[in-house]
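I opened this notebook page to record what I looked up on strand pairing and salt bridges. The entries follow in the order in which I made them.

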Amino acid sequence: MPSWPKSNETSNDDDEYMSEFSSMQMEYFQTPDTVIDPSFCGLVTESARRCILHRQRAGKFVAFEGTDTGRRFIGCATEDGVNCGVLEWVDAPWLVILQRCLSKLWDMYHEQNLGRAQDNEAHGIEVAKLQKELGSLANQYSQLVDDVSKLFDYQDGIKSHDMDCTSQAINELKEKKKHLEEQAKIELQMEKLKLKKEQSHC
């Protein structure tokens, strides 16, 4: 745990921090990603320590990145603008073997995320391809329905035409039959008159 300065030792804090700021020469530790830990969070109240750039009260954080995962630190609490970064690590660096394990775990995590991103991209490409094929099939189906409809209309037209032709032929045959019947009647009457006339001469 860090040793917090007593309240009567903070009169020269500003000078000390400005000296620290000059010695760092703007080379701040970048603030790592963090994870919420209810037992170590909020602003530092044990001392009047403030961040270097903003002169605001520092915050308590737990790192969740790389080989520093799980380490507690005191850092800039601002959420807007430039972050001062880590002011002080509460926990010492982990053992080398643990750092290697954490590094391996994070590599596996990033590799898995990359694989998921690639899978999502491939899935998106496949979905777009299927949607394109579906659109093409829909167009072909519409064209097929239209062609079948035209074919039925054509067949109905042929049937209607054939029916009209058949009806006309029947009417013509009836007219011819009627004409032949009348002609036959006339010839029969002529034969009867001719026979009657021959009988009268005898």
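I began with helix H2, where Lys150 and Asp146 are 4 residues apart and thus separated by about one helical turn; helices (H or I, at least four residues) and strands (E, at least two) are DSSP runs, numbered from the N terminus. Lys150 forms a salt bridge with Asp146, the closest N and O atoms being 3.5 Å apart; the term requires a side-chain nitrogen of Lys or Arg within 4 Å of a carboxyl oxygen of Asp or Glu. Lys150 counts as exposed at 51% relative accessibility, and Asp146 as partly exposed at 33%. Here buried means under 20% relative accessible area, exposed over 50%, and partly exposed in between (1.4 Å probe, protein chains only).

I noted the conditions: this is a predicted model, in which local features need pLDDT of at least 70 and side-chain atom pairs count only at pLDDT 80 or more, whereas totals for chains, interfaces and linings use all residues. Residues are numbered from 1 along each chain as its sequence is written, and side-chain values use heavy atoms, with hydrogens and water left out.

I then turned to the sheet. Its 3 strands form an open, antiparallel arrangement in the order E1-E2-E3; two strands pair if DSSP finds at least two bridges between them. Strands E1 (59-62) and E3 (86-89) are the edges, each pairing on one side only.

I recorded a salt bridge between Glu46 and Lys60 (3.0 Å, N to O). Glu46 lies in the loop between helix H1 (13-24) and E1, and Lys60 in strand E1, so the pair ties together parts 14 residues apart in sequence. Lys60 counts as buried at 15% relative accessibility.
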